[in-house]
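Here's a quick tour of some local features in this model. Have the sequence and the coordinates open as you read.

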Amino acid sequence: MEAAVPASTGPQSVVVHPLVLLSAVDHYNRVAKDTKKRVVGVLLGASHRGKVDVTNSFAVPFEEDSKNKDVWFLDHNYLENMFNMFRKVAAKERIVGFYSSGPKIRGNDLAIESLMRKFCPSPVFVIIDVRPNQQEIPTTAYKAVEEVEGDGKEIQRTFQHLPSSIEAMEAEEVGVEHLLRDINDPTTSTIANQVKSKILALGSLSEKLKDMQKYLQAVLDGSKSPNHQILYNMQAMFNLLPNLNVPALASALVVKSNDMHLVVYLASLCRSVIALHNLVTNRIQHQEGGKEEEEEKKEEGKEEKKEEVKAN
């Protein structure tokens, strides 16, 4: 019989943001590319009611012996210094766990988790698969729990799987869209291609809208039974959209747009006038400079003639 810590304690799910994927892929390509080594870093974010929201991360110097799992090194002094600097930028972010490029759990991961408990009471362990040929979601999350194999035996810690997902805030979705649009060139760096393959799991807004359309069409056709919670969420989203058919709102948008275009037009006119003014001023300066040079040459010629007359 196995007895584990109740599932209601500690983290229950993990949400990873795109910036964490980008940082992990960059970390791997800088340190362990084309090797069998893995990289380890610290996860930053917040935890609320069992949901761990991982919004940021940073790399940590890490070495391990591939033959002996008990031989490893993680620079915790560097970890403390980096975390103190990150707190100056984002005071709300806390250490919530650590990540590894895996792609599987290794023998010393429990020891690393024990070290991370000095900075976080219930750290999560996320394996970020940086291999570009993997199409599924690249994150696998775990938490450490205590288990008793039998009566009289000591308690052992082991990893328990946690559901994980990749989510992005509105600003991050815009950045992801631009990233996917900019790295279609086949000459792009390997890092960008790997980041693209990892972020594809997020999907785009248009794909999400298409999925909603397919679901609604299936409900209309009768092939799927309606889920009231899904329909309620869709209705809530569409209720947040502004009603552009209101004459007052349409007029306000037109006025605002015209004002902005007028400012841009006036700025372009001022820019053109200043450029023309500088061109005319430069032209006049060159002409005046040429006249002065001609007068100087004429005076020099007259002086030379006078000296020749005196010499004769």
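Arg-49 sits in the loop between β3 and β4. This is a predicted model, and in it Arg-49 has a positive phi even though the residue isn't a glycine. Asp-34 also has a positive phi without being a glycine; look for Asp-34 in the loop between α1 (18-31) and β3 (40-48). Here are the two side by side:

| Residue | Phi | Relative accessibility |
|---|---|---|
| Asp-34 | about 60° | 72%, exposed |
| Arg-49 | about 55° | 81%, exposed |

The peptide bond joining Gly-102 to Pro-103 is cis, with omega at about 10°.

Now for the rings. How many aromatic pairs does the count come to? The count is five. Take Phe-58 and Phe-86: their ring centres are 5.1 Å apart and their planes meet at 25°, which is under the 30 degrees cut-off, so the pair is stacked. Phe-58 belongs to strand β4 (residues 51-59) and Phe-86 to helix α2 (residues 76-89), so this pair links distant parts of the chain, 28 residues apart. Phe-58 counts as buried, because its relative accessibility is 4%. Elsewhere, ring pairs tie Phe-98, Phe-125, Tyr-142 and Phe-159 into a cluster.

Last stop, helix α7 (residues 228-239). Its 12 residues reach 16 Å from first C-alpha to last, close to the 16 Å expected. At the start of α7, a side-chain oxygen of Asn-227 comes within 3.0 Å of the backbone nitrogen of Gln-229.

Notes. Residues numbered from 1 in each chain as written. Predicted model: local features only at pLDDT ≥ 70, side-chain atom pairs only at ≥ 80, totals over all residues. Heavy atoms only, no water. Helix = DSSP H or I, 4+ residues; strand = E, 2+ residues; numbered from the N terminus. Expected span 1.5 Å × (residues − 1). Polar contact = N/O pair within 3.5 Å; in protein donor to acceptor, adjacent residues only side chain to side chain. Phe/Tyr/Trp six-rings, centres within 6.5 Å; stacked < 30°, edge-to-face > 60°. Buried < 20%, exposed > 50% of the residue type's maximum accessible area, 1.4 Å probe, protein only.
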